[in-house]
Amino acid sequence: MNLTLKVWRQRGPTADGGLQEYQATDISPEMSFLEMLDTVNERLIAKGEVPIAFDHDCREGICGSCGMMIDGVAHGPMKGTATCQLHMRSFKDGDTVVIEPWRARAFPVIKDLVVDRGALDRIIGAGGYVSVSTGGAKDGNIIPVPKSDADWAMDAAACIGCGACVAACPNGSASLFTSAKLSHLGLLPQGQPERYRRALKMVAQMDIESFGGCTLYGECQEACPKDISIDFISRMNRDFLYAAVTTSADSGAGGDGG
Amino acid sequence: MPLELKSKVPAGPLPEKWDRHRFDMKLVNPANKRKYTVIVVGSGLAGGAAAATLSELGYNVRCYCYQDSPRRAHSIAAQGGINAAKNYQNDGDSIQRLFYDTIKGGDFRAREGNVYRLAQISVNIIDQCVAQGVPFAREYGGLLANRSFGGAQVSRTFYARGQTGQQLLLGAYQALEKEIDRGGVLMFPRAEMLDLIVVNGRARGIVVRDEVTGTIEPHLADAVVLATGGYGNVFYLSTNAKGCNATAIWRAYKRGAAFANPCFTQIHPTCIPVAGDYQSKLTLMSESLRNDGRVWVPARKEDCGKAPGDVAEADRDYFLERKYPSFGNLSPRDIASRAAKEVCDEGRGVGPGGRGVYLDFADAIRRAGEDRIRERYGNLFEMYQRITDENPYHVPMRIYPAVHYTMGGLWVDYNLMSNIPGLHVAGEANFSDHGANRLGASALMQGLADGYFVLPNTLGDYLASNKLEPVATDAPEVVAAVADVATRTARLLGVKGTRTVASFHRELGKIMWEYCGMARSAEGLRTALELIPKLRAEFWRDVMVPGEGTELNQTLEHAGRVADFLELGELMCRDALHREESCGGHFRLEHQTPDGEARRDDDRFAYVAAWEYAGNDAPAVLSKEPLVYENIKLSQRSYK
């Protein structure tokens, strides 16, 4: 099949960018979307032109590196699918496809489709962990965890940190990402001692990183390649409110466990 | 002159070695730890765990990864699980049994002392990860669940759905982010190590290219840890992430570090078959699927074109169950891969090109119900369907072996230190624990054992035992290493030829897969040893790398990695040619039993082959570390 691509090209962080048109010819419907871009890039390189830069790595939908707006939709038309696992059978011969980088204030463009998502790492660094050092942990079976809690925590922990939720949100909010980590840890007994302190610190970091606020549009859930539920945002808001009225992040005291 | 390779495995009974060693090692006073700087290259299970733990202990850590975030290291893609000798299932497991299974699984080509330590530490890893909040699968009673994996007859694999690597890595990553936030770790994402800096015979730093700005700079420290993963991408098509590369360990090799057993590569039996020439990578289907899936092909060639449902039960050949009745579909990876290749070579393969076998869940779905199967493997089934557009609940999966893991790597002693003092190597990047074949669910175990528990101990001993003078950034060794990297980068950009980097990579991959893949022969390896240098010469004459060095340039990054693969591939073939035996993943057609199994030659080859760089135009020099078995008897490996 043959497609027309309109791809965002931007030389560097401070350069002006714009959409540029490319013909993607002889594309097999069995190709992944990134293999289609590889093909276009190899043809550009053979002509001595600079190929389209995009982040990618595992190409199995788990590392979270890839991600682009495809016809205005984060990760493209197939629900619950990262860009690397989207296949060209989702497109038709003759289609025009517009490809842009994640658009969010907190994700500055580095080059073409590559953006800086370091803000997400800093949100985790603000409190997205259990404060245990290596060594000294007791036997793993000492604290039983109800299967339903473990499963629910895993639903949240499945987040791959790709940033699609931010890109899809009209406010550029990182609430789905943050709430997924808060819920993963907050649903497990190991995460209880720091539960409320963690909520305060991670939410505060979101604000520092200039992510927008959540007004429950729900676009994030639609864009998430791992189908992470917006219900986790409600959990986050509950924990945050509880924490805000009972403690402060600076005191480090945490809540009483509710 | 051959190197003298001292394994430094402590004396004494196996179960006491590690404890005794920990007591004998020197300690760094807590107040002095902050005076030391340690470089950790790589942020996967081994590197991330080491960086976080070393920082918790008080060292200044600098951690580097080529991805945009440490959370993206390829450990994240491990699906099935992590082994530990917990014996929670009361099915006869023990440290001794995990030790024995691992040594036997590696076809008796790993060190006893290292593997025993790994089995001992395995139980601490699970405890540590649970404490971090890793959401392992649980039984209804709230206790940890286990599943079975290849090469073992006990159920000792812990898992988090089909995303165990992801969850373990996120545990290590969260610990790392905690330390970054505290200021103990300085993190350098989008940074690629392009050389090792050796001063007065000791590893004292690395040369790093900032991938965004293109700046090439030296980073100095008191010790260096390489945890940069394996080199499976030398085959172009593999289950590795696209960015996985050998550059860090290869540049260390060219600075004097010995490369051990480079030909020991693992071909994983259950991957989605190649679909076309445009294919950029292969996708693994977790070995855990073989718990419930049955592997078969039609018994007769004539039936291969039929839809699987139209092949009657009696006309199917469940070849793993037939050949290996006691392990059946859970035979180890090397054995299962070869068996699949064999039936396809006989013309009984299925799917496009006849390069595939069925992995069929119909019986399991009948027995346990579709819901149970969905609960166990749902995400893997979805992944399969997304890629192939076929529904594995209704038709069997098609699978074929693919390159997955490299057991070889930089040579290290019991302390995980290479023959260059101060250069430590952890995880898949070293050669240490898996011999000639790795068992499933053992890579995660080794990465975390090295990172959380071994290195934080042994690195302290190195720092406490040696007087390390400060190194100036304008020291001649530092200036020379930076200049080498700059020259090489300029050279790659300067060729401005006609062929793409990817086309060279694909061609190298084809040579490696054909001659140094699942079955190797002296003749084939000699052919490869002629082809690879020619391809390498053509690469440096005709490669096209557009763009500049002073910007984000992914083609330039790829070119540097492929240039190194073009050298490493040759060493792999040389090693495979010299090892005149079959063992584990290394199968030499000349050395097989009458029924087609691998035939080892313990009299001549019970050693680690460590290769030393001797200049661009001279063949590498072989040194041997004999493998001494004091506790187990070497036997013909049988899974029948």
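**Two aspartates in loops**

I began with D112(A), which sits in the loop between β6 (109–111) and β7 (114–115) of chain A. A caveat before going further: this is a predicted model. I checked the backbone of D112(A) and found a positive phi of about 45°, although the residue is not a glycine. Is D112(A) buried or exposed? I counted 26 other C-beta atoms within 10 Å, and the cut-off for buried is 20 or more, so D112(A) is buried.

I then turned to D26(A), another non-glycine residue with a positive phi, here about 55°. D26(A) belongs to the loop between β2 and α1 (33–46) of chain A.

**Chain A as a whole**

I looked up the confidence next. The pLDDT of chain A averages 95, and 96% of the residues score at least 70. I flagged residues 251–258 of chain A, where pLDDT stays under 50; the model has 16 contacts beyond four places in sequence for them.

For secondary structure I noted eight helices and seven strands in chain A. The C-alpha atoms of the chain fill a box of roughly 65 × 40 × 35 Å along the principal axes. Of the 258 residues in chain A, 53% are buried. I also looked at contacts between residues at least 6 apart in sequence: 71% of those in chain A join residues at least 24 apart.

**The sheet of chain A**

I traced an open sheet of five strands in chain A, in the order β2-β1-β5-β3-β4 and with mixed pairing. Which strands stand at the edges? They are β2 (17–24) and β4 (73–74) of chain A; each has a single partner strand, so one side of each lacks a neighbour in the sheet. Further in, I found β3 (residues 69–70) of chain A running antiparallel to β5 (residues 96–100) of chain A, joined by two bridges. I70(A) stands opposite I99(A) in that pair.

**The nonpolar core**

I asked which residues have the most contacts inside the largest nonpolar core. The core has 289 residues, and the answer is V166(A), V38(B), V225(B), L226(B) and L410(B). I followed V166(A) first: leaving out residues up to four places away in sequence, its contacts include W102(A), F107(A), F177(A) and F211(A).

**Where the chains touch**

How many residues does each chain bring to the contact? I read 63 from chain B and 65 from chain A. Among the helices of chain B that each supply at least two residues to its side are α3 (45–57), α5 (112–132) and α6 (164–182). α6(B) gives the most, with nine residues. I sorted the side of chain B that touches chain A into 26 nonpolar, 21 polar and 16 charged residues.

I visited G427(B), in the loop between β17 (423–425) and α12 of chain B. With 33 other C-beta atoms within 10 Å, G427(B) is buried. Its contacts beyond four places in sequence include G44(B), A227(B), Q446(B) and D450(B). I also checked its C-alpha separation from W611(B), 184 residues away along the chain, and got 19 Å.

My last stop was strand β12 (residues 294–298) of chain B, where four of the five residues are buried, so the rest of the structure largely encloses the strand. β12(B) pairs in the antiparallel sense with β14 (residues 357–360) of chain B over three bridges, and R294(B) has D360(B) as its bridge partner. Two bridges join β12(B) to β13 (residues 316–317) of chain B, again antiparallel, with P298(B) partnered by R316(B).

Notes: Residues numbered from 1 in each chain as written. Chains lettered and ligands numbered in written order. Predicted model: local features only at pLDDT ≥ 70, side-chain atom pairs only at ≥ 80, totals over all residues. Core = buried A, V, L, I, M, F, W, Y, C linked by C-beta atoms within 7 Å. Buried ≥ 20, exposed ≤ 12 C-beta atoms within 10 Å, placed from the backbone. Contact = placed C-beta atoms within 7 Å. Nonpolar A, V, L, I, M, F, W, Y, C, P; charged D, E, K, R; others polar. pLDDT = per-residue confidence, 0-100. Pairing = 2+ DSSP bridges.
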